[in-house]
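This report is meant for a reader who is new to the structure shown below.

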Amino acid sequence: MKFTLKKDLLLGTATAATQIEGGDESNNWARFAREGRVIDGSSPTRACDHYNRWREDIDLMAEMGMQIYRFGIEWSRIEPIHGYFDEEVLEHYREEIEYMIEKGIKPLLTLHHFSNPLWFEDLGGWTSPESVDIFINFASEVIDYLGDIVDEYITINEPNVYCLNGYFYGIWPPEQKSIFAYSKALSNMASAHVKCYQLIHNKRAEMEKSREETRVSFANHLRVFSPKNYHNLWHRFSARFMEHMFQGAITDAMMTGKCVFPVMRRGGMERGRYYDFIGINYYSRSTVSGISDGVAEGCDRNDLGWEIYHDGLIDLANLLSMEFGDEYPIYVTENGTCDNNDSFRSRFIYDQLKLISELDNRIERYYHWSFTDNFEWREGESARFGIVHIDYETQKRTVKDSGKFYSDIIKNQGVTDEAYKTFVEPSKYHK
Ligand code: BGC
């Protein structure tokens, strides 16, 4: 064996509704695509047609041995008109969840993953003072319907990435460019998370589910911010500043209700603890030399130019355990890479799981991003993150070598010498 998986570590994959389902015209990303804003001209209305092919996808997941699955539901399908909830859609999700449970796959349900119904977007989206109550009303309906079969929840995915791109850089819907809009949206999301955390626990208690089996948190996108030149004070200050503005403040607010600019206190945000596990989405490191993002010179990169830096995940996991309590399990709610030809993904998986397994940390779950190739937001279909290849024209699914490798790791609970030879040796990073 090259290494054995860390004891009690469960492996699976993660997806998001808008990125895989197809068919829904009434969310903000479908409109963004209609307006020609997606770089390669594709649209989430095609994606992987998972809304129709979910059974086939879950079967494949089960065949590959997946133990856990993080997935989302599409708000605009469930509540196509403000205040009207479509039971058929809720029933559709219920059927899918029951099926995965039957197949032995434990669900982790994401309530919000970057997409909003158009009516919500047009009311002002996450900058609107009403956004929190509207979202909580939606969440409440979902928990009433699905709460008895789902134990584990992500309230909101990556509020920092969503708000930064949508409200500060203006490159995602709703294309606003203002620090005030960023701050407002971020604050509303923090408040929505805190309220949603309480809502889920209250509702599950009414369903006579124990507090321990109900696990709620959010998926926090964390990066490592390193000064380009450690001896340069400006670089060091910028790294700290970027870290705070992008992830430090929102982490504190969502987890404990502590509000520091850019997060502003909203009603109901008492100091407390609003997590049952620590959720980390980890992809890369930023090398900072000013108030901007950068990539270290000469490093290994993925096909979107992001640095491949595996140590960062372990460092962040340990930092969060120290800060928020090492009694809480850590779920790597996303980790993966854009590798359009599947030429280095196996090595990526090997390197990351080896570190998780061999170093000290509280990681209990690893959700690889992603199961199939999918609609990668502004990049569209052209950026491939899946361990299963999608031919978008025919919708044919083909397990990639990295998928075979991942499946082999689960089966053998580690990396055998043979698997290393077959999958990892030929797999090489590029600069
Ligand atoms: C998001 C995913 C996305 C992935 C790769 C994360 O920021 O949650 O939706 O596809 O990164 O870019």
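**The ligand and its surroundings**

In Trp-369, a polar side-chain atom lies 3.2 Å from an oxygen atom of the ligand. On its own the ligand has 310 Å² of accessible area, of which the protein covers 95% (areas follow the Shrake-Rupley method with a 1.4 Å probe, and for residues only the protein chains shown count as cover). The ligand is surrounded by 14 residues, the closest being Gln-19, Glu-158, Glu-334, Glu-376 and Trp-377 (a residue is near when one of its heavy atoms lies within 4 Å).

The model is a predicted one, in which local features need pLDDT of at least 70 and side-chain atom pairs count only at pLDDT 80 or more, while totals for chains, interfaces and linings use all residues. Residues are numbered from 1 along each chain as its sequence is written, and side-chain values use heavy atoms, with hydrogens and water left out.

**Gln-19**

Gln-19 belongs to helix H1, residues 17-20 (helices are DSSP runs of H or I with at least four residues, numbered from the N terminus). Leaving out residues up to four places away in sequence, Gln-19 touches, among others, His-113, Trp-369, Glu-376 and Trp-377 (contact means heavy atoms within 4.5 Å).

**The nonpolar cores**

The largest nonpolar core has 123 residues, and Trp-126, Phe-135 and Leu-353 touch the most other members (such a core is a set of buried Ala, Val, Leu, Ile, Met, Phe, Trp, Tyr and Cys residues joined through side-chain atoms within 4.5 Å). Helix H9, residues 179-206, gives the most to this core, with twelve residues. Apart from this core lies another, of 14 residues, including Leu-108 and Phe-277.

**Helix H10**

Helix H10, which covers residues 233-256, bends by about 55° at His-244 (the angle between axes fitted to the seven residues ending there and the seven starting there). Just after H10, Gly-257 has a positive phi of about 80°.

Key:
Buried < 20%, exposed > 50% of the residue type's maximum accessible area, 1.4 Å probe, protein only. Helix = DSSP H or I, 4+ residues; strand = E, 2+ residues; numbered from the N terminus. Polar contact = N/O pair within 3.5 Å; in protein donor to acceptor, adjacent residues only side chain to side chain.
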